[in-house]
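Subject: Handing over the two-chain model

Hi,

Here is the structure I promised you. Have a look at it first, and my notes follow below.

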There are 2 protein chains.
Amino acid sequence: MTKISVFIVNIGTELLIGRTLNGNLLWLGSRIYSLGGEVFASLTVHDKRDQIASALNYAFSSPANIIITTGGLGPTYDDITMDSVAEWLGKKLVLNEDALNFMMKLRRPVTEESKKAYEKMASLPEGSTPLFNFVGAAPGAMIVFMGKRLFVLPGVPNEMRDMFERYVEPFIGYSVSRGIVTRVEGIYEAQISPLITRLTENFPTVYIKSHPSMEYGKSVLRIEAWTQDSSVEIMKIYDELRSFVVTHGGKIFLEKQG
Amino acid sequence: MTKISVFIVNIGTELLIGRTLNGNLLWLGSRIYSLGGEVFASLTVHDKRDQIASALNYAFSSPANIIITTGGLGPTYDDITMDSVAEWLGKKLVLNEDALNFMMKLRRPVTEESKKAYEKMASLPEGSTPLFNFVGAAPGAMIVFMGKRLFVLPGVPNEMRDMFERYVEPFIGYSVSRGIVTRVEGIYEAQISPLITRLTENFPTVYIKSHPSMEYGKSVLRIEAWTQDSSVEIMKIYDELRSFVVTHGGKIFLEKQG
């Protein structure tokens, strides 16, 4: 099985002015990784037509098989993702009756004032497949283009997650990632880095990484090891770390194993 | 004064596999915005040579004046940012004695084992200015190239922040952003979106955005308005929102004003 690679384009000025943490990327990264795929890269841009087009150019020229955009599908003035995607594809935006009807069924009686907003949200690039929104309002869209599959998803986290599980997950495939997180005290990163280098060479299918930090004034080093390779005995890595730390006068704790 | 525009390249596999939230982007976005600059876009890539090069191509072809990379400066095997940047610039990595001496002064007596790791960290692209790390170990680098200024910063948040304040901030300039955050109940986003559109047109220098969410089973809408334009009376926007919400049977609260 070829590994599925995903390029994520997060659209939203709020992500670039320090208003909102990109929790969507965290969730998608974790989910895609645990399904056996990988996030190739992630690009965050403003709700601006030329930036969205430039991001799609970059994503479509990458090796990723799947491209996901999040954000900019709502009813307001600056929600221009569908329009920008359509323009980039060279397609018209057309009102999708299925998407409109699905949305209407879930909402309160619609006023004259808000009807336009619902019609705006249900207007999708010509030829795309509507992705129904079971949680909020705005539908998404799926488009096959240049041999890749583009999913246009909402930015609201619970809407995005539901749509990802329904529509994107089946294209990613399944496997399981396992790993350990250790906490090391009394050892500097530079001291243990030769061992980490050696472990990385000996276990090429394992992602091993050290993170130094300060906790209550004390230097702490967290070392993680994660793999999707079921033939790896991950505890062998822990044993090697433990033996190094102990013989160098440090302490090691196994914080997480799963 | 021309507005300074910053392109951020976050380097680190941990950001793409759901292990780490990109708090550095949040902090930098907030900081740069409140200094009167803007983050043009942000690209997150793996610790891989070709991806770092491709990200630098994309960043240097954008309108941004300043490019910041974060991450990949540590002593371990997969910390390849300096090396990748040097290769992309067509420069050699050379041991910077000032950077090495500064780092040594702050650390414990160095063992033979860890000396190599310190020398690796102090090796910077030829011709670059070292950025001393007052918090952790690895130095950063500043390079002027193709009319833009590239800052190579560490990924560890407190090290990155200290270095940003010392070395990057003076290039950004100062102003103040002000704004409000309101919480609206009993009004749907689609209902109020025509008003938001009108406000956006009437106040072109203000960033106005609505965020729907569910809180304890109740539909809530947060509407924010932020500006760097000191001539705007931001409370006029609140008054218009308030008057709409009240006449349509909803409730509005001013959660934040600053």
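Before the rest, some housekeeping. Residues are numbered from 1 along each chain as its sequence is written, while chains are lettered from A and ligands numbered from 1 in the order in which they are written. The model is predicted, with local features needing pLDDT of at least 70, side-chain atom pairs counting only at pLDDT 80 or more, and totals for chains, interfaces and linings using all residues.

**Between the chains**

Strand 2 (residues 38-45) of chain A pairs with strand 2 of chain B in the antiparallel sense, over 5 bridges. Pairing here requires at least two bridges found by DSSP; strands are DSSP runs of E with at least two residues, and helices are runs of H or I with at least four, numbered from the N terminus.

The contact as a whole takes 48 residues from chain A and 48 residues from chain B, where contact means C-beta atoms, placed from the backbone, within 7 Å. On the side of chain B that touches chain A, the elements giving two or more residues include helix 1 (23-34), helix 2 (49-60) and strand 10 (206-215) of chain B. That side divides into 24 nonpolar, 18 polar and 6 charged residues (nonpolar: Ala, Val, Leu, Ile, Met, Phe, Trp, Tyr, Cys and Pro; charged: Asp, Glu, Lys and Arg; polar: the others, Gly among them).

Helix 7 (residues 189-202) of chain A and helix 5 (residues 112-121) of chain B have axes that come within 8 Å and cross at roughly 90 degrees. That makes the two helices roughly perpendicular, a label for angles of 65 to 115 degrees. Axes are lines fitted to C-alpha atoms, for helices over the stretch in contact, and angles run from 0 to 180 degrees between N-to-C directions. Ala190(A), Gln191(A), Ser193(A) and Pro194(A) meet Glu113(B), Ser114(B), Ala117(B) and Tyr118(B) there.

**Within chain B**

An open sheet of 4 strands has the order 10-11-9-12, with antiparallel pairing. Its edge strands are strand 10 and strand 12 (251-257), and the twist averages 20 degrees from one strand to the next. Strand 9 (residues 178-185) is joined to strand 12 by 6 bridges, with Ile180(B) opposite Gln257(B). Helix 8 (residues 234-247) of chain B packs on the sheet, touching strand 9, strand 10, strand 11 and strand 12.

Best wishes

How values were computed: Parallel < 35°, antiparallel > 145°, perpendicular 65-115°, else oblique. Contact = placed C-beta atoms within 7 Å.
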